[in-house]
Amino acid sequence: MQSSFSLSFAPNSSLAAPSPRSRPGGEPSPSAPISLRFCGLRREALGFTPLKQSTSRHVRVPGGRCGGGKVSASLSDNGSTPKSFDYDLVIIGAGVGGHGAALHAVEKGLKTAIIEGDVVGGTCVNRGCVPSKALLAVSGRMRELQSDHHLKALGLQVAAASYDRQGVADHANNLASKIRSNLTNSMKAIGVDILTGVGTILGPQKVKYGKVGVTDNVITAKDIIIATGSVPFVPKGIEVDGKTVITSDHALKLESVPDWIAIVGSGYIGLEFSDVYTALGSEVTFIEALDQLMPGFDPEIGKLAQRVLINPRKIDYHTGVFATKITPAKDGKPVVIELIDAKTKEPKDTLEVDAALIATGRAPFTKGLGLENIKVETQRGFVPVDERMRVIDANGNLVPHLYCIGDANGKMMLAHAASAQGISVVEQVTGKDHVLNHLSIPAACFTHPEISMVGLTEPQAREKAQKEGFEVSVAKTSFKANTKALAENEGEGLAKMIYRPDSGEILGVHIFGLHAADLIHEASNAIALGTSINDIKFAVHAHPTLSEVLDELFKSAKVNHPVTSSVSEPVAV
Amino acid sequence: MARLLQTTFLPSSPSLYIARKSSLPGHPRNGPRAAPIQSKIREIFMPALSSTMTEGKIVSWVKSEGDKLAKGESVVVVESDKADMDVETFYDGYLAAIMVEEGGVAAVGSAIALLAETEDEIAEAKSRAEDDSSSAPPGPPTAPAPAPAPAPQVETAASVAPVVRAAATVAAAVGSAVHPASEGGKRVVASPYAKKLAKELKVDLGMLVGSGPMGRIVAKDVEAAADVAADAASAATAGAAVAAPVAAPEKSSAIELGTVVPFTTMQGAVSRNMVESLSVPTFRVGYTITTDALDALYKKIKSKGVTMSALLAKATALALVKHPVINSSCRDGNSFTYNSSINIAVAVAIDGGLITPVLQDADKVDIYSLSRKWKELVDKARAKQLQPHEYNTGTFTLSNLGMFGVDRFDAILPPGTGAIMAVGASQPTVVGTKDGRIGMKNQMQVNVTADHRVIYGADLAQFLRTLAKIIEDPKDLTF
């Protein structure tokens, strides 16, 4: 583990020159692995601890007691440095973004507080990625057990599989509370002050927090990070009653499994829920405003995904339509959805279904933050920031000592992106300039099979190539050719890489197939570290593993660039 | 040549297209217009997706017949020896005819579908597709298509089609065809899976009555319809062979003991309906009715073709006029559905099954017409040719086992209706009369099973009293 890491690390500094992202590729890269933490749940970071121990200043052992002592030591010397501030860093919002920033801040020796008005963990842990993964874990198994054809091919016989809705719902709920307490403990253990209440910015470097009916506390901080996240976006005309017309917040509680549910929006959220609902026996109707399902995915991946995730399932769809009015079921009447043509605005259809899930995206949660006190105007609710997450005020000037990360700035609405942005901010406030490369942040949709991606889609890459005058090539490999996938009898899938044949730079990788969400990191790390295809193609993958799908992908790329790799150079063992 | 559709992957030589175009069958129907029109109907070929590919399998049609296609849209997914690929169209138009169905295999370069430029040309392209498919497997493209060849095929399809529709709703609940979800039949409300299945099994959703919530068509309705359709199709085939000396083997004629015989589709439908009936809270009220007057009437007008079933249906209908609640049903557990017409369904045993032909508007139609209608329906039922509205629109059901000497029995309420009446045999009975004497009267016992969610005991009692009055003084039956 250690040796393989240091090998891939070594060429990185030498590659720094040709890469436009020399900074993230250079100095702060030891922090890069941390930024890949998913929702703060996984302990990938542990895998890197041996390496980091050698860098001496390390204190991050999540939940570990021994870490606490070290921290207080570091806190005591850092606690004295601020002149008149209560804290070095105050983070408003204890979601995954705030959590990631807080942990890194403590590691960097900052006296840190985090303000949370609701529950620790934010959307991801309580109403998002975490409980939905629990539901998807169930739906994946249900799907396997229901697939007679698939089971038969493996020689298995399973009598009718069934489920207990409450049991499934409890699993999701228990997971959320477990992760929430883990998160809370990990912050408490290293001495982060968790302040309860709604945080409001009073002025530069000044924040108040408090609950209704309780006197507000005012604290000062050298730097402030806004990490207030987002809430489900409900278009106007749609009446959410929480029972038959619901958002993801309600759906994750799985209070019912309707016979027929319409899902408005076919992005990540809608797609994942369609996977859950169809596995549990519902029929699904997608309502998508754009002309194609799954907008935002690479078109080729989207098409394949549609063939596997939509067409064979009990799903139909209406594309190019807006749901202008959705009335919840009452008095024996079903949920009524009125559709209009997205272009002509003519009424198109009326649907009557048992339930409707509104998955039309998420809106930033920035109300009550007191942004007017520092003359910041939100844009569609988002806090405007520059590439270093520094907040920009109404006049276009940077607000000193104020940052905004995560869904609230809308740059990339993903839990791990928020965390990475938070770490980037902490790097900056501790004196190391840092710009996060958002193109290296992977994203995943946990359907069965999964979809994952990093970087540009093919159309985006081609557009960029045309503008900047370089060539673009595409390499593809199929899961059908992968031994492990075939052993699992899950040969359906595709990995696709968009790259520059002149430099070997990876522009984007898209995977649809078994465990795609786990496979993407080889590509995202390569992009983050600026690794050329010519280098990575010499890295060895264990056989037989799914990772060979990517191995083959790298090997099938045709790069004109000469090999500069130290991977291919002899290394003394 | 540029007008012929090519696919992105099509490697074939241009000479192939030339050959193909010149070979387009000069269909007599097209007459002199044939040439210009043909140029607007393009063929979609099986593309060569790899250098080693000789034939390809159609994984799925992304578009279906009649769909509008825009340039660059994918039309079909083809599996080659290497991978599955989407094949896109180079032209705008309509997918007129699919010549190789999903799962089918076609040689590289052979036509798999036709693309019409305008909607008007779809029909023409279709006929050409038929010719093409009947002419020969895609191979030597120069063979002209024999025009009469497809005729028998078309006929078969035509004769099966109505049967499919007829059969479509046997399993559906007896009830009015217009369900609340469809806005008076203006639109079809079917669940996503039901729609998918209907497309796959080629069932016309418009002809189905849904059994789902709010009258929605759900997958099992489509499945049942398709099952019955398949059955009916085979029945139709058997019917066509009537002239043949060898009678089609009847399932019921010889039962082999010690075997397990799966349900026919109709039996399956009955089974499903019976199980479904368990979800309805029913109760029963019986009544003894003197039939001397009715018997006398029957004797009098029997020669005019009036049947006892029609008389009973008529009497029941007249009683229902006065008690609309007995003609109502409970569909959603929350409301009464008062039916606008009185349609009496009468259970008829047919080979290996049971069907309920419906006497529509039995209260309004005179007894003679009603009797004629009844004969017609029974004949049709035996021939398995009932149309859906002739067996699925009943609002009240009659079941009569009197002809077997059964004096009383108990019927199961068909889902979707409010009540069913079981009629026993009319038998001479010793009764005490009002003047204190003992006398003989013909009496029959009727027993009504009703859905207690909408029909209560007193309702049924009053209805039965009215019915008894009508039967005991049947002058109204003949107007």
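This is a predicted model: local features need pLDDT of at least 70, side-chain atom pairs count only at pLDDT 80 or more; totals for chains, interfaces and linings use all residues.
Me: What percentage of the residues of chain A count as buried?

Reply: Buried means under 20% relative accessible area, exposed means over 50%, and partly exposed lies in between, with a 1.4 Å probe and protein chains only. As for how the chain is connected, residues 24 or more positions apart make up 65% of the contacts in chain A with a separation of 6 or more. Of the 573 residues of chain A, the buried share is 55%.

Me: And chain B: over which residues is the pLDDT below 50?

Reply: Chain B averages a pLDDT of 74, with 73% of the residues scoring at least 70. One stretch below 50 is residues 1-38, with 69 contacts in the model beyond near neighbours in sequence. Another has 85 such contacts.

Me: Is A:His543 buried or exposed?

Reply: The unreviewed UniProt entry annotates A:His543 as "active site"; such annotations may be inferred rather than shown by experiment, and their positions are given in the numbering used here, with feature names shortened. A:His543 sits in the loop between helix 19 (533-536) and helix 20 (548-556) of chain A. Because its relative accessibility is 57%, A:His543 counts as exposed.

Me: Which side chain is joined to that of A:His543 by a polar contact of 2.6 Å?

Reply: A polar contact is a pair of N or O atoms within 3.5 Å; within protein, one must be able to donate a hydrogen and the other to accept it, and residues adjacent in sequence count only if both atoms are side-chain atoms. Apart from neighbours within four places in sequence, A:His543 is in contact with A:Thr483 and A:Glu548. The partner at 2.6 Å is A:Glu548.

Me: Which three residues supply 32% of the area that chain B buries against chain A?

Reply: The contact involves 20 residues of chain B and 21 residues of chain A. Together the chains bury about 1,700 Å², 46% of it on carbon and sulfur atoms; buried area is the accessible area (1.4 Å probe) that two parts lose on being put together, summed over both. The three residues, which supply more than any other three, are B:Pro192, B:Lys196 and B:Arg216.

Me: Which element of chain B gives the most to the side that touches chain A?

Reply: Between the chains there are 3 salt bridges, each a side-chain nitrogen of Lys or Arg within 4 Å of a carboxyl oxygen of Asp or Glu; A:Lys303 forms one with B:Glu88, the closest N and O atoms being 3.2 Å apart. The interface also has 9 residue pairs in polar contact, both at pLDDT 80 or more. Strand 4 (74-79), strand 5 (84-88) and helix 5 (192-201) of chain B each supply at least two residues to this side. With 5 residues, the one giving the most is helix 5.

Me: The backbone oxygen of which residue does the side chain of B:Asn343 reach?

Reply: B:Asn343 lies in the loop between strand 11 (337-338) and strand 12 (344-346) of chain B. B:Asn343 is buried because its relative accessible area is 6%. Its contacts beyond four places in sequence include B:Val358, B:Asp361 and B:Phe396. At 3.0 Å, the side chain reaches the backbone oxygen of B:Thr393.

Conventions: Residues are numbered from 1 along each chain as its sequence is written. Chains are lettered from A and ligands numbered from 1 in the order in which they are written. Side-chain values use heavy atoms; hydrogens and water are left out. pLDDT is the predictor's confidence in each residue, from 0 to 100. Contact means heavy atoms within 4.5 Å. Helices (H or I, at least four residues) and strands (E, at least two) are DSSP runs, numbered from the N terminus.
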